[in-house]
Amino acid sequence: MKKYFNLFDFSQKVDYKTEVLSGLTVALALIPEAVAFAFIAGLSPLTGLYAAFVMGLVTSIFGGRPGMISGATGAIAVVIVTLAATHGVEYVFGAVVLSGLIQILAGSLKLGKFIRLVPHPVIFGFVNGLAIIIFMSQLDQFKGADGNWLTGETLYILLALVLLTMLIIWGLPKLTKAVPASLTAILVVFGIVVAFGIDTKTVGDMASIKGGFPPFHIPAIPFNLETLQIIFPYAAIMAGVGLIESLLTLNIVDEITETRGRSNKEAIAQGAANVASGFFSGMGGCAMIGQSLINVSSGARARLSGIVAAVMLLVFIVFGSSLIEQVPMAALTGLMIMVSIGTFEWASFRTITKMPKKDIFLMFLVTLITAVLHNLALAVLIGVILAALFFAWDNAKRIRARKYVDEKGVKHYEMFGPLFFGSVTAFGEKFDVLNDPEEVIIDFEESRVVDMSAIETLNKITERYQKVGKKVHLRHLSPDCRKLLSKADQIIDVNIIEDPTYKVLVDDLA
């Protein structure tokens, strides 16, 4: 039994009161989010709520990051809205199942480790953009059914309740941490509205959340190649978006809790959750940074909080819908605004003067793309590509050569810096083939041959010397390099003890 608990991280010390109260708070916050995202995707509210329940339960039990919350998300809703409109909800369910299988495959192949390639400025930009999205999405609560901004008494009441919620969330932890501030704020505002009969927008005004247990349902779609061609592009994008958002959220929660999650395990859990969501009438989803931050800021650190959140959400749907539909939207709006404030990396402003200009540019660009396009995966992908290009450019300028002629009349080129596709041009310009003496030594002890472009450049430089009848020797190359170079036996001095053993990045050796 102990092994079972260790396998699922249930052996850690659990503060049951904190976990249960945090889970209850998250469950309340999940409702308007899940309903809103279902509307964005053009689906029924229960489709979003069922996804939140299934995603939250499966990832809380099997995921790689205790305390992280998953559910229906806006990033996934934006991807499937076109599929839902053109082919219907059954194709959405099929795409969700397929996306889950892709995520399971990615986790099984241990591709989660590649999240390490996302640089810190990109994470800052992602988090800041997400905070802006969370904040901007709350502004809809200040509009009426006609889409116009509220005015007069209705607006003042809403503002007052929102500000009261924010004040409680901000101030209560300074007085006591015995109860979660977020849950207390919701209950206080709910009590005030009921006690004084205040007329304000409630969860029930958005949509009814009444339903039953998520029904098991095999997607009613033709199982043929044509269907696969329709759903695969959406499934692939959903899988990518879900993994990027989930693993970035995992990293952020890791930083807050000063612990370490398991990215590949989380990828497999996200995939399993999406497969289950597709079979239980859910729209699919991924990790939710807002709800995850609510959870960890309330003190939750174990899996129990996520399990409680998912189970309580189902209880609300089945038994407590009439009560939950009376919860003022002002309380949930205030909660989410505080989440957006807490999500924003204010420290990124303090470090602007200390950061390189390219990092500042990356951070603002990713923030802008995330906030404007609401496409988290695209923002992160662009950020990573630009960061890689900046890195390649910086390293391309670092190739240097120390040149001298020894007492025997042999000219030495001692290379410094990496030799790769970005630096090969500068490398070739270092040599004076026509004016060099009859014998030349190129030493790579302080350099490294990185890729096939570098190998090709070495071949060309040796050919240039051989064409004018001069001998060239290459020193301190790995066995890998020697194998790839043409005429290697004639031009390479082998130093068995000193030569490095790194691998050159080339497709046919991978």
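This is a predicted model: local features need pLDDT of at least 70, side-chain atom pairs count only at pLDDT 80 or more; totals for chains, interfaces and linings use all residues.
At 55% relative accessibility, Phe-213 counts as exposed, because that value is over the 50% cut-off for the exposed class.

**Aromatic pairs**

A pair of aromatic rings is described by the distance of the centres and the angle of the planes. The count of such pairs in this model comes to twelve. In one of them, Phe-53 and Phe-213 stand edge-to-face, with 6.0 Å from centre to centre and 75 degrees between the planes. This pair links distant parts of the chain, since Phe-53 belongs to helix α3 (residues 45–62), while Phe-213 sits in the loop between α9 (203–206) and α10 (225–257), 160 residues apart. Whereas Phe-213 is exposed, Phe-53 has a relative accessibility of 7% and therefore counts as buried.

A further pair is made by Tyr-413 and Phe-431, whose ring centres are 4.5 Å apart and whose planes meet at 50 degrees, so the pair is tilted. Because Tyr-413 lies in strand β4 (residues 411–419) and Phe-431 in the loop between α19 (424–428) and β5 (439–449), the pair ties together parts that are 18 residues apart in sequence. Both residues are also members of one aromatic cluster, formed by Tyr-413, Phe-427, Phe-431, Phe-444 and Tyr-465.

| Residue | Relative accessibility | Class |
|---|---|---|
| Phe-53 | 7% | buried |
| Phe-213 | 55% | exposed |
| Tyr-413 | 0% | buried |
| Phe-431 | 7% | buried |
| Glu-153 | 62% | exposed |

**A charge over a ring**

An aromatic ring can also be described together with a charged side chain: Lys-143 lies over the face of Trp-149, at 4.9 Å from the ring centre.

**Two helices in contact**

On the α10 side, Val-241, Ile-244, Glu-245 and Leu-248 take part in the contact, and they meet Leu-376, Ala-377 and Val-380 in α18. Sorted by class, the contact of α10 with α18 has six nonpolar, no polar and one charged residues.

**Glu-153**

Glu-153 is found in helix α7 (residues 152–175), and with a relative accessible area of 62% this residue is exposed. Glu-153 and Gly-94 are 59 residues apart in sequence, and their C-alpha atoms are 47 Å apart in space.

Terms used
Residues are numbered from 1 along each chain as its sequence is written. Side-chain values use heavy atoms; hydrogens and water are left out. Rings of Phe, Tyr and Trp (its six-membered ring) pair if their centres lie within 6.5 Å; planes under 30 degrees apart count as stacked, over 60 as edge-to-face and the rest as tilted. Helices (H or I, at least four residues) and strands (E, at least two) are DSSP runs, numbered from the N terminus. Buried means under 20% relative accessible area, exposed over 50%, partly exposed in between (1.4 Å probe, protein chains only). A charge sits over a ring if NZ of Lys or CZ of Arg is within 6 Å of the ring centre and within 35 degrees of the ring normal. Contact means heavy atoms within 4.5 Å. Ala, Val, Leu, Ile, Met, Phe, Trp, Tyr, Cys and Pro count as nonpolar, Asp, Glu, Lys and Arg as charged, and the others, Gly among them, as polar.
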